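Reader: Hi! I'm new to reading protein structures. Could you walk me through this one?

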Amino acid sequence: MKALTQAAIRKSFINASRSQTAAVNFPADFDEVDWENTDQYGWRDHKMPQRSYLVTELDGKPVTILLRAPELVSAGRKAMCALCEDLEDNDDVYLFVAPKAGASGKNGNSVGTLIHSAFSCSRNVRADVLPTPIHPDPELVKAERIRKLAERTAQFIQKVRS
Ligand SMILES: [Zn+2]
């Protein structure tokens, strides 16, 4: 995705109040984000650990959602991240819940999904893959994984929006 500033992200929230948006704390290493190799960027608010945020690009514009109180899914059993579907990464998978946008969210409606707690998804889909007889070209497999991550992230954001 295109490089984003903190101000652009604050302006792009679809399911947060003005005060929640103003209160967002960015990670200390925000300036080092490798935007080019990032399809969706997420982080946990270090001052309000019950809040996390996820930004992606839809139709060339940033869209950010507020995520609530992550819960560890079935401790001991590995859950699959619904966005990158990677099973190799050791990062825990949490159930993140996003209040819906607009009036629906104000009425308490929300939508949840399983996501890697450290938002490692963009890195996971770029991990090296071994060629197999069915998928002999690792670069094609990687490109498809990257495409799918962007697609699933966009679908989740549509659910928050609708
Ligand atoms: Zn993931």
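**A chat about the model**

Author: Happy to! Let's begin with Phe 26, which counts as buried because its relative accessibility is 10%, and the cut-off for buried is under 20%. One thing to keep in mind is that this is a predicted model.

Reader: Which elements have the lowest and the highest mean pLDDT?

Author: Strand E3, residues 61-72, has the lowest mean, at 88. The highest belongs to helix H1, residues 6-11, at 97.

Reader: Back to the aromatic rings. How many aromatic pairs does a search of the whole structure find?

Author: The search turns up ten aromatic pairs. In one of them, the ring centres of Phe 26 and Trp 43 are 5.0 Å apart and the planes meet at 25°, so this pair is stacked.

Reader: Where in the chain do those two sit?

Author: Phe 26 is in the loop between helix H2 (18-22) and strand E1 (40-44), while Trp 43 is in strand E1. They are 17 residues apart, and the pair links distant parts of the chain.

Reader: And Trp 43, is it buried or exposed?

Author: Trp 43 counts as buried because its relative accessibility is 3%.

Reader: Which aromatic pair is edge-to-face?

Author: Phe 30 and Trp 35 make an edge-to-face pair, with 5.7 Å from centre to centre and 70° between the planes. Phe 30 has a relative accessible area of 4%, so it is buried. Trp 35 counts as buried too, at 9%.

Reader: Which residues do ring pairs link into a cluster?

Author: The cluster is made of Phe 13, Phe 26, Phe 30, Trp 35, Tyr 41, Trp 43 and Tyr 53.

Reader: New topic! Which residues coordinate the zinc ion?

Author: Cys 81, Cys 84 and Cys 121 each use their SG atom, and His 116 uses ND1. The distances run from 2.1 to 2.4 Å.

Reader: Why is the arrangement tetrahedral?

Author: The four donor atoms subtend angles of 96 to 121° around the zinc ion, and that makes the arrangement tetrahedral. The cut-off is that all angles lie between 85 and 135 degrees.

Reader: Which residues touch the most other members in the largest nonpolar core?

Author: That core has 23 residues, and Leu 67, Leu 83, Ile 115 and Phe 156 touch the most other members. Strands E2 (51-58), E3, E4 (93-99) and E5 (110-116) and helix H5 (138-161) each supply at least two residues of this core. H5 gives the most, with five residues.

Reader: What does Phe 156 touch?

Author: Leaving out residues up to four places away in sequence, Phe 156 touches Ile 65, Leu 67, Leu 83, Ala 98, Val 111, Gly 112 and Thr 113. There is also a second, separate core of 15 residues, which includes Val 24, Phe 26, Phe 30 and Tyr 41.

Reader: How about Gly 42: where does it lie?

Author: Gly 42 lies in strand E1, and it counts as buried because its relative accessibility is 10%. Setting aside residues up to four places away in sequence, Gly 42 touches Tyr 53, Leu 54 and Phe 119. Its C-alpha atom is separated by 15 Å from that of Asn 15, which is 27 residues apart from it along the chain.

Reader: And how about Lys 61, is it buried or exposed?

Author: Lys 61, in strand E3, counts as exposed because its relative accessibility is 60%. The C-alpha atoms of Lys 61 and Glu 88 are 31 Å apart, with the two residues 27 apart along the chain.

Reader: Last one: what is the phi of Asp 59?

Author: Asp 59 has a positive phi of about 50° although it is not a glycine. Most residues other than glycine have a negative phi. Asp 59 sits in the loop between E2 and E3 and counts as exposed because its relative accessibility is 82%. Glu 85 also has a positive phi, of about 55°. Glu 85 is in the loop between E3 and E4, and its 38% relative accessibility is why it counts as partly exposed.

Reader: Thanks, that helps a lot!

Conventions. Residues numbered from 1 in each chain as written. Predicted model: local features only at pLDDT ≥ 70, side-chain atom pairs only at ≥ 80, totals over all residues. Heavy atoms only, no water. pLDDT = per-residue confidence, 0-100. Helix = DSSP H or I, 4+ residues; strand = E, 2+ residues; numbered from the N terminus. Donors = N, O, S within 2.8 Å, 3.2 Å for Na, K, Ca; no water. Tetrahedral: all angles 85-135°; square planar, octahedral: opposite > 155°, others 65-115°. Core = buried A, V, L, I, M, F, W, Y, C linked by side-chain atoms within 4.5 Å. Buried < 20%, exposed > 50% of the residue type's maximum accessible area, 1.4 Å probe, protein only. Contact = heavy atoms within 4.5 Å. Phe/Tyr/Trp six-rings, centres within 6.5 Å; stacked < 30°, edge-to-face > 60°.
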